[in-house]
Amino acid sequence: MTNNNEPAEGVSLVYQCKLNLSTSTLVYLADLLRSRLKAIRSPFRPLPPGRIAVLVLAMLRHDQRLLDLAGGNGVPESTLRRWRDEMIDLLAAKAPRLDRALRQIARRGGEVVLIDGTLIPTQRRTGAANRPNYSGKHHRHGLHFLALTDERGKLIWISAARPGRTHDATAARRDKIVEHLKAAGLGALADLGFIGVDKPDNPADLVIVTGYKATRARKLTPGQKQANQILAAGRAPVEHGFANLKAWRVLTKLRTDPARATALLRALLVLTDLEVNR
């Protein structure tokens, strides 16, 4: 049987590629894997933990294909897939829970967090089960995530994956963002997509500040426009947090099973914090 992935001359061509990540991130992943292997008393593996960590980072940072990496490093594609999923699960387990992340912000004297939603593009799949993943707002298929950052834009929490058509306000209600903020004694700055999430009887008890929205019948006053500008300036760091997260090119277009997308995003949250805060 002919393998169409083999060159016609019968010689495999391998090239080098620079991985623009810090050594501390690589060491962290390698140590994490060593601890895992020791805990499960794993037998011999074809490659050392440090080399496995490099291959996994190459897949996540540069979106290198499994088949290409497997052929260039002399390991089966199925083995490389198993190593990738194992490392993702180990990293995802280190991601903070929402309540703990907010309490940590409160303990260090923080007063507000920044909240926003984003769409991670996915491959278009046919069938009724994939129709909810189409986002009318972005005109593409994807998965919706909520994320929280501190006032400087450091990512502190990311939600579970939801269908791409999910609205920011709906996701915030399902994750009980308002209740968690009140329990931690924090407020949040959000865009107009979160209007209606927080509806206290007393306006002084409002914890999610969203600004003002104009309508055809009601234009914004100069004071409201200025308030929106101040709020937008305060929310700017959340966009930096998303930019750091999406520097992992595996998120350019997810090809993984949507059921594993939550673990992947939370693993990338941990890696992003390692890189940004090193």
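Student: What makes Lys246 count as lying over the face of Phe242?
Tutor: A charge sits over a ring if NZ of Lys or CZ of Arg is within 6 Å of the ring centre and within 35 degrees of the ring normal. Lys246 lies over the face of Phe242 at 5.8 Å from the ring centre, a value within the 6 Å limit. Arg61 is likewise placed over the face of Trp248, at 4.7 Å from the ring centre. This is a predicted model, in which local features need pLDDT of at least 70 and side-chain atom pairs count only at pLDDT 80 or more, while totals for chains, interfaces and linings use all residues. Residues are numbered from 1 along each chain as its sequence is written, and side-chain values use heavy atoms, with hydrogens and water left out.

Student: How many aromatic pairs does the structure hold, and what makes two rings a pair?
Tutor: The structure holds zero aromatic pairs. Rings of Phe, Tyr and Trp (its six-membered ring) pair if their centres lie within 6.5 Å, with planes under 30 degrees apart counted as stacked, over 60 as edge-to-face and the rest as tilted.

Student: Why are helix 1 and helix 2 called oblique to each other?
Tutor: The axes of helix 1 (residues 23-40) and helix 2 (residues 49-62) come within 8 Å and cross at roughly 120°. Axes are lines fitted to C-alpha atoms, for helices over the stretch in contact, and angles run from 0 to 180 degrees between N-to-C directions. Angles under 35 degrees count as roughly parallel, over 145 as roughly antiparallel, 65 to 115 as roughly perpendicular and the rest as oblique, so the two helices are oblique to each other.

Student: Are helix 3 and helix 4 oblique or roughly perpendicular to each other, and why?
Tutor: Their axes, for residues 66-73 and 77-92, come within 9 Å and cross at roughly 110°, and therefore helix 3 and helix 4 are roughly perpendicular to each other. Helix 3 also passes helix 4 in a right-handed crossing, where the residues that meet include Leu66 and Ala70 in helix 3, and Leu80 and Arg84 in helix 4.

Student: Why is Thr122 called buried?
Tutor: Buried means under 20% relative accessible area, exposed over 50%, partly exposed in between (1.4 Å probe, protein chains only); Thr122 has 8% and is therefore buried. Thr122 lies in the loop between strand 1 (112-121) and strand 2 (134-135), and, leaving out residues up to four places away in sequence, touches His141, Gly142, Leu143, Lys253 and Leu254. Helices (H or I, at least four residues) and strands (E, at least two) are DSSP runs, numbered from the N terminus.

Student: Are Arg41 and His139 buried or exposed, and how do you know?
Tutor: Arg41 has 79% relative accessibility and so counts as exposed, and His139, with a relative accessible area of 59%, is therefore exposed. Arg41, in the loop between helix 1 and helix 2, has a positive phi of about 55° although it is not a glycine. His139, in the loop between strand 2 and strand 3 (140-149), has a positive phi near 60°, again in a residue other than glycine.

Technical notes:
Contact means heavy atoms within 4.5 Å. A crossing is left-handed if the near helix is turned anticlockwise from the far one by less than a right angle, and right-handed if clockwise.
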